[in-house]
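My entries follow in the order in which I checked them.

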Amino acid sequence: MSDALSRRQIQVSGLVQGVGFRPFVYRIATDLGLAGSVWNNASGVVIEVQGDAAVIDSFLGRLRSETPPLARILSVTIENRDAIGNDAAFRIVESRKGEAVHTLISPDVTVCDDCLREMFSPQDRRHRYPFINCTNCGPRFTIVRGIPYDRPSTSMATFPMCPACQAEYDDPLSRRFHAQPNACWQCGPRLELWTNDGRLIAEHDPIAHTIDLLRAGHIVAIKGIGGFHLAADALNTSSVELLRTRKHRVEKPFALMVPDVETARGFCHVSAAESDALQSRQRPIVLLRRNQNCALPGAIAPRNHDLGIFLPYTPVHALLFREGRFKALVMTSGNASEEPIAIANEEARERLATLADFFLVHNRDILLRCDDSVVRVTGCNLQHLRRSRGFVPSPVQLHKAVPAILAVGGELKNTICLAQDRQAFLSQHIGDLENLAAYGFFLEAIDHLKEILEIDPGIVAYDLHPNYFSTRWALKQDGRTLIGVQHHHAHIAGCMAENHLDGTVIGFALDGTGYGPDGNIWGGEVLIAGYASFSRVAHLEYIPMPGGAAAIREPWRMAVSFLHQTFGPDFRKMPLPLFDQIGSAKIDLATRMLERRINAPLTSSCGRLFDAVASLAGIRQQVNYEGQAAIELEMAAVGIDDASAYPFDLTLSGDCFLIGTRSLFHALVADIHAAVPAEMISARFHNGLADVLVRTAQLLRQRTGLHQVCLSGGAFHNVRLLLQLSQRLQVEGFSVFIHHMVPAGDGGLSLGQAMVAAHRHLS
Ligand SMILES: [Zn+2]
Ligand SMILES: [Zn+2]
């Protein structure tokens with residue numbers, strides 16, 4: 001052995017187990033003629049390499065540049081070792097048992113091109129095998145029961161591998177080396193087709209049969225990765241309408257699966273960035289702008305300019321599209337409205353029997369439900385609307401370490417967050433906790449996440465709303481430090497955390513509802529905020545909500561309230577189309593509530609302001625899903641470039657700026673009298689709101705010298721508002737920070753709660 005031999009020990013941490021990392025190391029080491037070994041340890045993967053120093057350098061370069069698709073390297077530390085004289089070969093060493101393994105579990109990812117090629121190749125032993133997978137693809141998060149991540153702790157434990165699969169599993173050079181879900185026709189899971197009363201349809205080719213059923217207009221419940229979908233031929237209007245009726249889903253859009261980006265272009269405009277998002281490994285539902293001459297039935301997404309489109313991501317989807325030649329399938333979550341997605345075969349058959357005619361099921365258990373993720377590309381940014389399958393459990397990297405914390409989120413669109421050290425793990429989308437089944441899922445998600453991440457939180461963070469189910473659960477966690485976090489503070493702290501900000505920022509937290517410490521319903525808030533504390537420096541002026549929660553379901557009530565506030569009792573004398581539409585009895589009742597202040601809680605909600613404008617513009621008087629009026633108001637202005645803006649009033653009250661709407665409603669009512677169309681009203685409203693928020697930011701900068709602005713809250717799912725406000729703030733010299741890793745809405749709330757709790761605990 002020559003003196004020139006070097007030996008280095010390399011510790012790699014991150015997402016490096018269960019993703020083909022050791023075989024990858026083996027391949028490049030043997031390729032470069034290096035000796036040594038590789039094994040898993042508690043913090044990831046350890047490599048020892050021996051050879052010429054320059055060759056080791058190129059090994060380190062390739063470690064970074066050729067990382068396997070699912071792996072994510074967070075850190076690499078290198079130490080020199082003494083060369084070992086007789087070390088000539090490179091080996092993969094079995095992981096030592098009993099060592100506490102703290103490593104990341106991969107999200108579920110789309111079937112890879114190599115597996116698809118094999119599946120469609122008649123010579124391959126997995127030809128048409130609907131559960132084909134390899135180290136680079138397939139289910140992960142949803143089939144893991146616990147750690148360490150290997151076959152016995154997954155739902156593949158009940159499928160002993162056949163000799164051929166076992167040989168691949170044991171071969172470091174195989175794409176299936178240690179691929180835990182590895183399976184084939186001989187040894188793996190199988191599909192079955194059932195009627196909705198549970199009879200097995202005697203049929204040896206369930207895929208072909210399912211294709212026939214879908215073509216004939218039937219609705220088929222299809223078991224996937226994170227739960228069941230209800231599938232229907234999207235070009236068959238009566239199937240789509242039947243599904244809508246059965247799901248009791250009046251107007252909420254259905255997601256569409258299409259075979260490829262080309263087909264998506266036939267329905268929607270697809271930019272390069274959107275095409276990338278569609279084809280990404282996570283395969284989220286991407287919201288795309290519908291083409292004007294789009295040939296799809298209106299019932300797919302009524303009154304919406306956008307369609308939620310995604311590409312096939314399981315072998316079953318790929319078979320259905322390739323062999324069925326569908327242009328598009330509706331693929332909506334297999335649940336009754338607002339319930340969690342169904343995952344177990346029997347559970348699905350009970351819950352979905354009235355929704356689906358047939359069931360395409362399989363015998364690999366889904367251990368954890370996980371809905372499809374929903375994203376939108378805004379400019380060059382990916383915006384998460386629902387962060388779930390494909391993204392979870394990838395952590396949000398924090399710039400500072402935090403103690404072990406569980407944050408339980410809000411009430412609607414709930415997610416939870418477990419944070420420790422420099423990582424925050426958000427759960428998949430759980431849903432609306434007022435639904436009992438969703439609450440059960442919430443409990444399940446907490447247990448499962450604690451189990452697979454091995455985090456035992458000493459701190460529990462929760463929303464201040466005393467009646468949220470998440471809050472009530474948190475308050476029962478004896479023996480832990482309980483920290484309540486104001487809703488809008490959590491929004492801003494979450495945005496700061498994603499962007500690795502410190503210190504204090506100007507935070508715009510705009511949404512529908514959040515509990516205010518003064519007992520009112522907040523939602524149009526401007527905060528000067530750091531992680532540990534905040535002060536409320538501006539907000540939308542309070543307005544009563546006649547009928548309380550009914551005012552959320554019926555936007556016309558908010559219109560009446562703003563009219564009453566702006567014009568006084570005489571507002572009824574104005575000739576407004578709204579009054580005829582709603583009828584005087586209802587208007588009278590709402591007015592009496594306002595005058596006597598009965599059942600009329602005060603709110604500064606931005607969402608309720610959008611509702612009132614949507615109502616007056618004649619767009620919507622009743623909503624069928626959360627945020628519908630605001631979404632349709634935004635949609636109305638699509639393509640409108642009107643530059644004029646409604647005025648808002650900005651006044652100082654004590655230390656706090658009040659954003660008033662009297663001037664706004666004077667101008668808006670004048671436009672209604674002048675028969676200005678709804679789309680112009682919408683554009684002028686958006687312009688005006690952006691104006692007043694920019695002015696507010698300028699005043700706050702004068703007072704405080706702060707120039708960093710965070711935008712958070714569900715209102716920033718409104719692309720027009722987000723783009724207008726962030727562009728105008730940038731023109732004025734502000735640094736603007738938005739969400740790009742978690743939703744701006746309540747789906748991202750738990751991240752901010754965890755951050756606030758961490759800093760309160762430390763201070
Ligand atoms: Zn694969
Ligand atoms: Zn096999």
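I began with the spacing of the donors of the zinc ion (ligand 2), which runs C-x2-C-x18-C-x2-C along the chain. I take donors as N, O and S atoms within 2.8 Å of the metal (3.2 Å for Na, K and Ca); water is not among the atoms, so sites may look incomplete. The atoms around this zinc ion (ligand 2) are the SG atoms of C162, C165, C184 and C187, at 2.2 to 2.3 Å. Of these, C165 sits in helix α4 (residues 163–170) and C187 in the loop between α4 and β6 (191–195), so I noted a pair linking distant parts of the chain, 22 residues apart. Helices (H or I, at least four residues) and strands (E, at least two) are DSSP runs, numbered from the N terminus. I found both C165 and C187 buried. Buried means under 20% relative accessible area, exposed over 50%, and partly exposed in between (1.4 Å probe, protein chains only).

I noted that the model is predicted: local features need pLDDT of at least 70, side-chain atom pairs count only at pLDDT 80 or more, and totals for chains, interfaces and linings use all residues. Residues are numbered from 1 along each chain as its sequence is written, chains are lettered from A and ligands numbered from 1 in the order in which they are written, and side-chain values use heavy atoms, with hydrogens and water left out.

Why do I call the site of the zinc ion (ligand 2) tetrahedral? Its 4 donor atoms subtend angles of 103 to 117°, which makes the arrangement tetrahedral. Four donors count as tetrahedral if all angles lie between 85 and 135 degrees; four count as square planar and six as octahedral if opposite donors are over 155 degrees apart and all others between 65 and 115; anything else is irregular.

I then turned to the zinc ion (ligand 1), held by the SG atoms of C112, C115, C134 and C137 at 2.3 to 2.4 Å. Its donors follow the spacing C-x2-C-x18-C-x2-C. The angles of 104 to 115° between the 4 donor atoms make this arrangement tetrahedral. C134 and C137 are both buried.

Next came salt bridges, where a side-chain nitrogen of Lys or Arg lies within 4 Å of a carboxyl oxygen of Asp or Glu. I counted 38 of them in the structure. R62 pairs with D31, with the closest N and O atoms 2.9 Å apart. R62 is in helix α2 (residues 53–65) and D31 in helix α1 (residues 21–31), so the bridge ties together parts 31 residues apart in sequence. I read R62 as partly exposed at 21% relative accessible area, and D31 as exposed at 52%.

R125 and E168 also form a salt bridge, 3.2 Å from N to O. This pair links the loop between α3 (113–119) and α4, which holds R125, to helix α4, which holds E168, 43 residues apart. R125 is partly exposed at 35%, whereas E168 is buried at 15%.

My last entry is on helix packing. Helix α15 (residues 555–567) packs on helix α17 (residues 584–596) at about 55°, with axes 10 Å apart. Axes are lines fitted to C-alpha atoms, for helices over the stretch in contact, and angles run from 0 to 180 degrees between N-to-C directions.
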